[in-house]
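The following note sets out points for a colleague who has the model at hand. Each point may be checked against the coordinates in turn.

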Amino acid sequence: MAIVAGADFGTLSVRVTLLDSAKGRLGTAVAEYPLHRRRNDPDYATQSHADQMNALAEATQKVLAETGVAGADVVALALDTTGSSVLIVDAAMQPIGDYYLWCDHRAHKEARQITLRAHEVGLEAIDWCGGVYSHEWGWAKLLHWLRNATPEERARFGTAIENCDMVAATLTGVTDVADLKRSVCAMGHKWMWNPKWDGLPSEEFLIGVDPLFAGIRAKIGGEYLTSDHIYGKLAPEWAERTGLPAGIPIPVGAFDAHWDALGAGCRAGDVVNVVGTSTCIIAMADSTELVPGVCGVVPGSVHPKFTGIEAGLSAVGDIFEAISRRAGKSVRELAAGLEVYRAGQTGLMRLTWDNGDRTVLVNPELGGITLGWNLVHTAQDELFAAIEGTAFHTRIILERMAEHGVPVERVINAGGVPQNNTTLNQIYADVLNKPMLVPDGVPTSIGSGIIALTAAGTFDSIEAAQDALCLPLRSYLPQPAAVAVYERLYQLYRRLYFAFGTPNAAGVALGDVLPELRAIAAAQQGDLT
Ligand SMILES: Nc1ncnc2c1ncn2[C@@H]1O[C@H](COP(=O)(O)OP(=O)(O)O)[C@@H](O)[C@H]1O
Ligand SMILES: O=C(CO)[C@@H](O)[C@@H](O)COP(=O)(O)O
């Protein structure tokens, strides 16, 4: 038996959980930290490293007190964070400013310039991250910093570092950038790092984007490691602040969605939809094949032995929340009663691009579209159609993965939304025509607990730790009548998705689409009377 701590750093708070290898979760405590936004600049989103670390200390002390576990009994600590959340530090690891958080979107121009240059020079890495370098990712954020920093700040530049690596470095007492280790998960998905092309993009490529990159590549150094490696040991200062014992191992960290997938029971061949405010879709495959349009195909990113694939929808719960807000209700209120809706009964077709398209079109500039409105439609109808729309988009992504060799054997719906909305799980089962597996409880921190227990040597594999700790999976089975309706609707959706979402694509005749939507709705409503 062993007890470990798992820490999940989210956008607004850190959750620290204590897990017992035999009994499972003993308790979780949360501590918040501010997200700095600017009223006149919606793209701005920063966070302080010190605030995050203070919150970690607070939440760890709190969970020890609440569970009555003695700090001395905890044998490992593992942590995941959001990403790409980037901090600039000096050579002694002191922050210069705050994190550019993952949702900081100031680096639009920089991302476009990186994408353009990558296509001009035929950079292989751009194909492996979907053909478009995102404004949420590391190089774009670093270039934005270089362009906006003062000459004195630029002279102090030691390195740029992902959130998960910075927290691990601080906890293990790293005070020199030369001693850094870096997460393959973070650097592979967001910094175009891959051993296939000798690590990061070349200095020549970077200088071609902007001469300010001169000398920078060499400073994004360190040992690039998967999470079966130990980052270091908990330093005495942080042992005192957290109440955990000095010297316990801290494995190399990763992104939250990736470990959420492990915590939900993801095995090779599975796909996990981490459905929250947005959706991260995580898959693990035996082989590494290019998948156009996804957010990275990276060996070792989720599980050290497999290739991790990340894809996603830029907004899901956020869209449900926006529809509800416009109706003057909470999502919970508006969602009550959705269980009686039939497939396609609203006659609405919702393309859920309200925050752009993350995968497979990779176009942040798209906006949401709803087709088929009439005079008696309600906000609840739109919410139902939006849930259907996110399911159709998920099917587009899973089909793209399957076409490129990623097995989609089991599909698991993890994240917060599937715990709160059984209608959504049933719709996903019917649209994908696959059983939808849902953890029987919130799987928060189970992923970091699994990694901590393998780091401590309690289990000799991630799979063995998953067997002991993952919650059982509930199954939502596809209902044949709904599957048949969704098959027809999906074919319409697919045509609309590519016709509306791709520049210069062949058009689609709404005169064909709308009557088909209405015919399906009429048949489904007729069934109800
Ligand atoms: N009953 C519900 N049905 C569908 N979505 C819901 C419901 N209740 C809350 N949500 C959505 O859940 C989202 C939060 O998901 P969660 O996984 O808890 O957070 P995060 O993505 O920040 O980790 C919010 O965007 C909210 O709109
Ligand atoms: O892109 C990613 C992870 O790769 C981000 O969406 C992510 O880290 C933020 O996730 P949450 O909103 O905290 O669930």
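1. Helix α15 spans residues 422-432 and is mostly covered, with nine of its eleven residues buried. Here buried means under 20% relative accessible area, exposed means over 50%, and partly exposed lies in between (1.4 Å probe, protein chains only). The buried residues of α15 are Thr 423, Leu 424, Asn 425, Ile 427, Tyr 428, Ala 429, Asp 430, Val 431 and Leu 432. Helices (H or I, at least four residues) and strands (E, at least two) are DSSP runs, numbered from the N terminus.

2. The model is predicted: local features need pLDDT of at least 70, side-chain atom pairs count only at pLDDT 80 or more, and totals for chains, interfaces and linings use all residues. Residues are numbered from 1 along each chain as its sequence is written, chains are lettered from A and ligands numbered from 1 in the order in which they are written, and side-chain values use heavy atoms, with hydrogens and water left out.

3. At its N-terminal end, α15 is capped by Asn 421, a side-chain oxygen of which lies 3.2 Å from the backbone nitrogen of Thr 423. A polar contact is taken as a pair of N or O atoms within 3.5 Å; within protein, one must be able to donate a hydrogen and the other to accept it, and residues adjacent in sequence count only if both atoms are side-chain atoms. Asn 433 has a positive phi of about 50 degrees although it is not a glycine, and counts as partly exposed at 47% relative accessibility.

4. Asn 421 also belongs to the surroundings of ligand 1, together with Val 275, Gly 276, Thr 277, Gly 317, Asp 318, Phe 320, Glu 321, Val 331, Gly 416, Val 417 and Asn 420. A residue is counted there if one of its heavy atoms lies within 4 Å of the ligand. Oxygen atoms of ligand 1 are placed 3.4 Å from a polar backbone atom of Asp 318 and 2.9 Å from one of Gly 416. A nitrogen atom of ligand 1 is 3.3 Å from a polar backbone atom of Asn 420. The protein buries 68% of the 590 Å² that ligand 1 exposes when taken alone; accessible areas come from the Shrake-Rupley method with a 1.4 Å probe, and for residues only the protein chains shown count as cover.

5. Which elements give two or more residues to the shell around ligand 1? They are α11 (317-326) and α14 (417-420), and α11 gives the most, with four residues. This shell divides into four nonpolar, six polar and two charged residues. Ala, Val, Leu, Ile, Met, Phe, Trp, Tyr, Cys and Pro count as nonpolar, Asp, Glu, Lys and Arg as charged, and the others, Gly among them, as polar.

6. Ligand 2 is surrounded by residues including Thr 11, Trp 102, Lys 190, Asp 256, Glu 310 and Arg 358. By class, the shell has three nonpolar, four polar and four charged residues. At least three residues come from each of domain 1 (3-255) and domain 2 (266-442 + 479-528); these bounds come from an automatic or database domain assignment.

7. The bond from Gly 83 to Ser 84 is cis, with omega near 0 degrees, and Ser 84 is in the loop between β6 (74-81) and β7 (86-89). The bond from Thr 359 to Val 360 is also cis, with omega near 5 degrees, and Val 360 lies in the loop between β19 (349-351) and β20 (369-371). Most residues other than glycine have a negative phi, and most peptide bonds are trans.

8. Helix α6 (residues 163-171) is mostly covered, nine of its nine residues being buried. Just after α6, Gly 173 takes a positive phi of about 75 degrees.
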